[in-house]
Amino acid sequence: MGTWALLLPLLVAAAQAQVCSVNKTFFEVKENTSPGLHLLDIYVPEGQQVTLGPSSTRFAFRIQGTQLFLNVTPDYEENSRLQAVLECKRDDTVVTQLRVFVSVLDANDNPPRFPFVVKVQRVPEDTKVKAVVIPETELKAQDLDRNDILFYTLQEVTPGASGFFSLVGANRPELRLDRSLDFDRWPNMTFQLLVRDTREENVEPSHTATATLVLEVQPADLRPPWFLPCTYSDGFVCIHAQYHRAVPTGHTLSGPLILHPGPIYAVDGDRGINQPIVYSIIGGNEDGLFSIDANTGNLTVTKSIPSPKTFFLLVKGEQADHARYSVTQVTVEARAAGGSPPRFPQSLYRGAVALGSGVGVAVRDAAAPSQPLRIRAQDPEFPDLNSAITYRITNNSDFRMDGEAVLTGASLVHAGVFYAEVEANNTVTSGTATAVVEVRVSEQEPTPTGTTRRPQASSKPGGLPSVGTSPSPPSASPSGGSAQTSKPGTSLPKSPGPSSTLRPTAGTSGTGGGSTTVDGRPSGGPAEDRRFSVVEMAALGGVLGALLLLALIALTVLVHKHYGHRLKCCCGKALEPQPQGFDNQAFLNNPDEANWAPAPSPSSSPAPPAPPEPAPPEPKPPSPETLRRVPESPAVALDGDGPAAVRSILTKERRPEGGYKAVWFGEDIGAEADVVVLNTPASEVDGAGNEGSEGSGDEGAEVGLRGGAQRAPGSDSIYL
């Protein structure tokens with residue numbers, strides 16, 4: 001026994017020396033390891049060769065000589081365990097077979113994936129709060145990595161939608177309702193569902209995925225019908241409108257009542273469902289006086305109401321599916337209709353029609369020439385009676401009414417502006433109202449502004465073009481006559497605006513058919529007279545203005561030529577212009593009696609230019625020729641000595657009158673002329689001199705003016 005124990009290891013070693021062997025049969029390799037990794041060395045006895053057996057993982061290994069290499073990139077999700085079967089052969093006989101195992105370790109190399117890209121979920125509007133809208137099984141993402149833990153986040157796409165839905169937990173993608181839904185305000189909401197395979201975002205490696213959730217709110221029957229217009233509404237509650245109207249007693253109205261604030265109309269409070277509404281009267285309908293259309297809600301009076309009374313009708317609006325209904329009140333007040341006249345929205349209507357139009361031609365609206373002129377009155381108390389109003393023209397047979405339209409009643413052969421009175425009569429209440437129509441008859445078509453172009457004016461030889469109008473057509477009298485000429489004491493309708501007016505000419509007899517005037521011009525002149533256009537009058541005014549400008553320039557040149565040497569010698573402070581045609585208060589004894597009434601303008605001779613103030617240091621007396629050229633004052637003294645009298649300041653007679661200033665020239669004007677200022681107190685002269693020299697900066701001029709003045713002894717005059 002001892003001998004066999006010593007020989008056994010030797011026999012085993014000898015046996016091993018005759019077969020293939022490896023030092024390790026199990027390996028662990030990380031996922032995504034690069035191919036070509038050396039795994040182990042194989043001991044192969046002499047005379048044998050090693051190969052991979054057919055049961056080895058396909059293409060996973062390769063043998064190069066006596067070494068085993070990894071031939072692929074291991075993928076845990078594809079194959080987590082690889083096997084290599086080594087066969088040692090002598091010739092074709094398998095001597096030894098060895099197995100080597102490789103375990104692939106999982107790595108985070110795959111992103112999570114949702115089972116959908118866009119998921120649309122319909123949610124009823126009446127879903128209870130805290131209810132699960134979408135279960136976890138429908139939203140859970142899949143990750144091929146075995147040990148990955150997924151984290152979910154719900155992000156709003158529709159602003160404000162995050163207040164309605166949330167996830168149950170960060171690792172539980174279960175969608176839950178947190179707030180009551182409102183189909184009218186939030187018919188649909190969109191979210192983005194994000195999943196990440198790491199808790200933190202900045203961890204490497206980390207993978208994410210997204211999907212879109214669209215939640216469509218399905219309307220539920222939550223609200224009753226609403227009678228419009230709602231006096232208050234917040235989307236959930238409507239305070240219903242209540243309707244009212246007044247009707248005349250003793251009359252049967254053919255059409256539906258025109259109610260305030262509008263017709264009876266209700267809608268389903270759940271606009272998403274929008275059930276049809278059925279109307280009915282459930283109270284207040286005494287003796288069946290009223291009826292309502294079940295589909296439209298139009299309320300009518302079935303028979304006349306004999307006496308004034310107020311009715312309170314209860315009208316029910318019910319959904320066609322009979323799920324919900326609402327009730328409102330309609331107040332109908334029956335009144336006596338005797339004192340309800342119609343009213344025109346405006347007192348003057350303007351129209352235009354072409355000259356030569358025959359009978360039955362529609363008058364066009366002056367403001368909109370493409371539209372016919374329509375005149376419409378309304379009954380403010382009973383608008384249901386507007387259809388009972390009739391119209392007629394009372395004072396002009398050239399025009400007539402056809403319903404609300406104005407038509408010509410005769411051929412229009414005269415141009416001009418004509419007026420007619422339209423009377424509106426409510427055949428039910430017998431109330432009447434009147435309005436004025438202004439019709440412009442012209443050869444040209446009316447412009448959009450309502451004006452007409454006038455024909456060219458003709459000029460008479462040797463004079464200005466004549467201005468006139470064509471004869472005016474006769475106006476109809478209230479009794480049906482056709483006399484257009486106004487009689488004394490007959491009033492015509494007048495336009496309140498700045499439009500043309502038709503008025504009789506003074507001196508017209510009652511039967512003579514005197515001429516009338518339009519805009520102050522005679523309308524019955526000769527046929528050859530023509531009316532000026534605005535453009536021609538503007539051109540004439542421009543020519544006259546140019547001629548006036550040339551005359552002023554010529555006058556300025558002449559004044560400069562004859563009096564230029566006087567103007568050049570002037571220096572110092574210029575004379576302040578005095579208002580012509582007024583008395584100067586400085587020359588009145590009593591300042592309170594100053595007269596500022598304008599004087600009459602001269603009729604023939606022009607006003608003389610104001611004499612310039614002499615300012616040379618040493619003034620010289622004027623020459624006789626210069627004095628002779630001084631024109632007389634154009635102002636003519638009025639009769640009387642009142643404050644309004646205007647008198648000349650140039651005189652050859654001494655007239656020492658109180659409160660009057662004049663310049664007197666002696667009879668014998670020689671080389672040394674005496675110029676006397678009459679009735680000026682010495683204190684005023686001195687004061688005037690001081691005032692004139694103040695601030696002038698020209699002392700020489702002041703000395704020259706004041707130094708030559710001497711007071712004559714025993715007189716009130718000052719000699720210069």
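Arg271 is exposed, with 58% relative accessible area; exposed stands for over 50%, buried for under 20% and partly exposed for the range in between, with a 1.4 Å probe and protein chains only. This is a predicted model, in which local features need pLDDT of at least 70 and side-chain atom pairs count only at pLDDT 80 or more, while totals for chains, interfaces and linings use all residues. Residues are numbered from 1 along each chain as its sequence is written, and side-chain values use heavy atoms, with hydrogens and water left out.

**Salt bridges**

The side chain of Arg271 forms a salt bridge with that of Asp184, at 3.8 Å from N to O. A salt bridge here is a side-chain nitrogen of Lys or Arg within 4 Å of a carboxyl oxygen of Asp or Glu. The two partners are 87 residues apart: Arg271 is in the loop between β20 (266-268) and β21, and Asp184 is in the loop between β13 and β14. Asp184 is partly exposed, at 23% relative accessible area. Helices (H or I, at least four residues) and strands (E, at least two) are DSSP runs numbered from the N terminus.

The salt-bridge count is 19.

| Salt bridge | N to O distance |
|---|---|
| Arg223 – Asp182 | 3.6 Å |
| Arg271 – Asp184 | 3.8 Å |
| Lys316 – Glu318 | 3.5 Å |

The pair of Arg223 and Asp182 also links distant parts of the chain, 41 residues apart. Arg223 lies in the loop between β15 (208-218) and β16 (225-227), and Asp182 in the loop between β13 (172-177) and β14 (188-196). Arg223 is buried at 4% relative accessibility, and Asp182 is buried at 4%. Both belong to a network of salt bridges that links Glu125, Asp182, Arg185, Arg223 and Asp270.

**Polar surroundings of Asn108**

Asn108 sits in the loop between β8 (93-105) and β9 (118-124). Its relative accessible area is 18%, so Asn108 is classed as buried. The side chain of Asn108 makes a polar contact of 3.4 Å with the side chain of Asp197. A polar contact is a pair of N or O atoms within 3.5 Å; within protein, one must be able to donate a hydrogen and the other to accept it, and residues adjacent in sequence count only if both atoms are side-chain atoms. A polar atom of the Asn108 side chain also lies 3.3 Å from the backbone oxygen of Pro205. Apart from neighbours within four places in sequence, Asn108 is in contact (heavy atoms within 4.5 Å) with Asp145, Asp148, Asp197, Thr198, Pro205 and His207.

**Asp365**

Asp365 belongs to strand β27 (residues 364-365) and is partly exposed at 22% relative accessible area. The C-alpha atom of Asp365 is 9.3 Å from that of Val439, a residue 74 positions away along the chain.

**Nonpolar cores and patch**

The largest nonpolar core contains 27 residues. Such a core is a set of buried Ala, Val, Leu, Ile, Met, Phe, Trp, Tyr and Cys residues joined through side-chain atoms within 4.5 Å. Leu257, Ile264, Phe290, Leu299, Val330 and Val332 have the most contacts inside this core. Two or more core residues come from each of β19 (243-248), β21 (277-283), β22 (290-292), β23 (299-301), β24 (309-319) and β25 (325-335). A second, separate core has 26 residues, including Phe116, Ala161, Leu175 and Trp186. Setting aside neighbours within four places in sequence, Leu257 is in contact with Val247, Leu299, Val301, Val332 and Asp384.

On the surface, Leu540, Val543, Leu544, Leu547, Leu549, Leu550, Ile553 and Val557 form a nonpolar patch with about 740 Å² of accessible area together. Patches are made of residues with over 30% relative accessible area and no salt bridge, where like charges are joined within 9 Å and nonpolar side chains (Val, Leu, Ile, Met, Phe, Trp, Tyr) within 5 Å. Leu547 is in helix α3 (residues 534-568) and counts as exposed at 52% relative accessibility.

**Whole protein**

The protein has 6 helices and 40 strands. Of its 720 residues, 34% are buried. Among contacts with a separation of 6 or more, 61% are between residues 24 or more positions apart. The accessible surface comes to about 41700 Å², and carbon and sulfur atoms account for 54% of that area. Accessible areas come from the Shrake-Rupley method with a 1.4 Å probe; for residues, only the protein chains shown count as cover.
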